[in-house]
Amino acid sequence: MRLTTERLILRPVTKEDFSALLEMGQDSRVMEFLGPLQSKEDVQNFIDKIETHLKTHGFSYMAIEKKEDHEFIGLMGLLVPSYPLPFSPCVETGWRLKFSAWGQGYALEAAKELLRYGFEELRLKEIVSFTAIINKRSEKVMKRLGMISLPSENFPHPKLDFSDPLSLHVLYRKKNPKSV
């Protein structure tokens with residue numbers, strides 16, 4: 001599956017993305033709210049999870065590359081979380097872009113196309129997104145996507161210790177406009 005926007009191509013993650021993923025995973029700015037992918041084994045396990053999710057659900061993280069030069073700039077996708085959340089079952093959208101791609105509107109552009117795909121082609125009724133409450137950059141993208149957050153739905157992430165500064169998460173939701 002490939003999706004395109006004016007400036008971007010979203011395509012399956014391939015083995016050729018390994019080095020770019022490793023480099024991105026070692027950048028503390030990119031991984032500040034995600035936890036690092038520092039070793040080759042970490043990156044290979046991550047790619048394996050992406051491939052397994054794609055086989056199981058028919059969608060997963062996708063590589064993002066620029067149309068003009070095919071530069072890999074990050075990942076974005078639709079995922080079914082593999083752990084229970086207070087609002088499960090759900091499909092979430094998430095992203096990570098390399099630092100040099102920040103501030104250019106790529107995350108918003110790719111996310112809009114991904115939401116369109118999720119709602120129009122997969123016919124999802126709702127897509128959620130969540131992040132550490134201190135991750136204001138990602139939260140800004142969620143707001144620009146028209147996603148809605150209720151403070152009463154903030155939650156401690158089940159995979160993090162409550163004392164971890166990243167534990168408290170904010171949840172954003174967007175309903176499929178055709179199923180409302």
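Helices (H or I, at least four residues) and strands (E, at least two) are DSSP runs, numbered from the N terminus. The model is a predicted one, in which local features need pLDDT of at least 70 and side-chain atom pairs count only at pLDDT 80 or more, while totals for chains, interfaces and linings use all residues. Residues are numbered from 1 along each chain as its sequence is written, and side-chain values use heavy atoms, with hydrogens and water left out.

**View 1. The largest nonpolar core has 30 residues.** A nonpolar core is a set of buried Ala, Val, Leu, Ile, Met, Phe, Trp, Tyr and Cys residues joined through side-chain atoms within 4.5 Å. Buried means under 20% relative accessible area, exposed over 50%, and partly exposed in between (1.4 Å probe, protein chains only). Leu 10, Ile 64, Met 76, Leu 78 and Leu 145 touch the most other members of this core. At least two core residues come from each of β2 (8-11), β3 (61-66), β4 (72-79), β5 (92-97), α3 (106-121), α4 (136-144) and β9 (168-175). Helix α3 gives the largest share, nine residues. Another core, of 17 residues, lies apart from this one and includes Leu 21, Leu 37, Val 43 and Ile 47.

**View 2. Helix α1 spans residues 18-25.** Phe 18, Leu 21, Leu 22, Met 24 and Gly 25 are buried. These residues lie on the same side of α1 because they cover an arc of only 165° around the axis; the arc is that of the directions from the helix axis to the C-beta atoms. Ser 19 and Glu 23 are exposed, on the face turned away from the buried side. Among the elements covering the buried residues of α1 are α2 (40-57), β4 and β5, where contact means heavy atoms within 4.5 Å.

**View 3. Strand β6 (residues 126-132) is mostly covered.** Seven of the seven residues of β6 are buried. Strands β6 and β9 pair in the antiparallel sense over seven bridges; two strands pair if DSSP finds at least two bridges between them. Glu 126 has Lys 175 in β9 as its bridge partner.

View 4. His 70 counts as partly exposed because its relative accessibility is 49%. At 67% relative accessibility, Arg 123 counts as exposed.
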